[in-house]
Amino acid sequence: MAKSENGPAGAHGHGHEHHHDHQVVPDDIALRVRALESILVDKQMVDPAALDAVVDAYENRIGPRNGAQVVARAWADPAYKARLLDDGTAAIAEIGFGGTQGEHMVVVENTPEVHNLVVCTLCSCYPWPTLGLPPVWYKSNAYRARAVIEPRAVLREFGVEIADEVEVRVWDSTAEIRYLVLPERPAGTEGMTEEELAELVSRDAMIGVAVVPPPTGGRTP
Ligand code: FE
């Protein structure tokens, strides 16, 4: 659901049993994972740096690359974009992504008039199949609270200045619905292949805390 910028940060459809489980269990899992990790490291069965590398891969590299392919396809193919905005889950499944934590995807489009921002105010709901694991800041109390109350200030801290005349819409992810931002296609990308376009799309742009900058002229003809 969309929130007005000055809307209350409270009730938003999280109040159901499923979500309670979802909120409580991860703390316990996190503790158990930490315990397992320290035992494995103590016994020299695992290299902590290797673990960090795996987490980094899913958080920053592998995960968000899927979403970037979706965005690039939408930029390159207007018919695909129409299907994506109409039924995100089905259109994302067309390129092979779906499953756990991505069952009900809604794609929201940034335009010159509207900037979209995604948060989960209650916990950390996030579209795993298209973005991988949520970054630490996404799960932080500060982001979850402030994204709704003062989205423009939050965006400014991420380095994104939204003009006064542009509407900011904040979308609150839940256990049922996960949002993906379709960023604006930057100028100077005409004639790029889908693969090249996908390279430009960052995870943060698909959460809505970044925009996709024009390519930095490093392309060879
Ligand atoms: Fe959540």
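# Questions about a predicted fold

Trainee: Which residues are linked in a network of salt bridges?
Mentor: A salt bridge is a side-chain nitrogen of Lys or Arg within 4 Å of a carboxyl oxygen of Asp or Glu. This is a predicted model, where local features need pLDDT of at least 70 and side-chain atom pairs pLDDT 80 or more, while totals for chains, interfaces and linings use all residues. Residues are numbered from 1 along each chain as its sequence is written, and side-chain values use heavy atoms, leaving out hydrogens and water. The network is made of Arg146, Glu150 and Glu157.

Trainee: How many salt bridges does the count come to by this rule?
Mentor: One of them joins the side chains of Glu194 and Arg73, at 2.8 Å from N to O. Glu194 lies in helix α9 and Arg73 in helix α2, so this pair ties together parts that are 121 residues apart in sequence. Helices (H or I, at least four residues) and strands (E, at least two) are DSSP runs, numbered from the N terminus. By the salt-bridge rule, the count comes to eight.

Trainee: With which residue does Arg83 form a salt bridge?
Mentor: Arg83 sits in helix α3 (residues 78-86), and its partner is 11 residues away in helix α4 (residues 88-94). The closest N and O atoms are 2.7 Å apart, and the partner is Glu94.

Trainee: Is Arg83 buried, exposed or partly exposed?
Mentor: Buried means under 20% relative accessible area, exposed means over 50%, and partly exposed is in between (1.4 Å probe, protein chains only). Arg83 has a relative accessible area of 37%, so the class is partly exposed.

Trainee: Why is strand β3 largely enclosed by the rest of the structure?
Mentor: Val114, Asn116 and Val118 point one way from β3, while His115, Leu117 and Val119 point the other way. Strand β3 covers residues 114-119. It is largely enclosed because six of its six residues are buried.

Trainee: Which residue in β4 stands opposite Val118?
Mentor: Two strands pair if DSSP finds at least two bridges between them. Here six bridges join β3 to β4 (residues 167-172), and the two run parallel. Opposite Val118 stands Trp171.

Trainee: How many disulfides does a search of the whole structure find?
Mentor: A disulfide is a pair of cysteine sulfur atoms within 2.5 Å. Cys123 counts as buried at 9% relative accessibility, and Cys125 is buried as well, at 1%. The search of the whole structure gives a count of zero.

Trainee: Which residues does Thr189 touch, not counting those up to four places away in sequence?
Mentor: Thr189 has its place in the loop between β5 (178-182) and α9 (194-200). It is buried, with a relative accessible area of 1%. Contact means heavy atoms within 4.5 Å. Beyond those sequence neighbours, Thr189 touches Leu197, Leu200 and Pro215.

Trainee: How far apart in space are Val106 and Leu85, C-alpha to C-alpha?
Mentor: Val106 is found in strand β2 (residues 105-109) and counts as partly exposed at 31% relative accessibility. In sequence, Val106 and Leu85 are 21 residues apart. In space, C-alpha to C-alpha, the separation is 7.3 Å.

Trainee: What share of the 221 residues of the chain count as buried?
Mentor: The secondary structure of the chain comes to 10 helices and five strands. Among contacts with a separation of 6 or more, residues 24 or more positions apart account for 70%. Of the 221 residues, the share that counts as buried is 40%.
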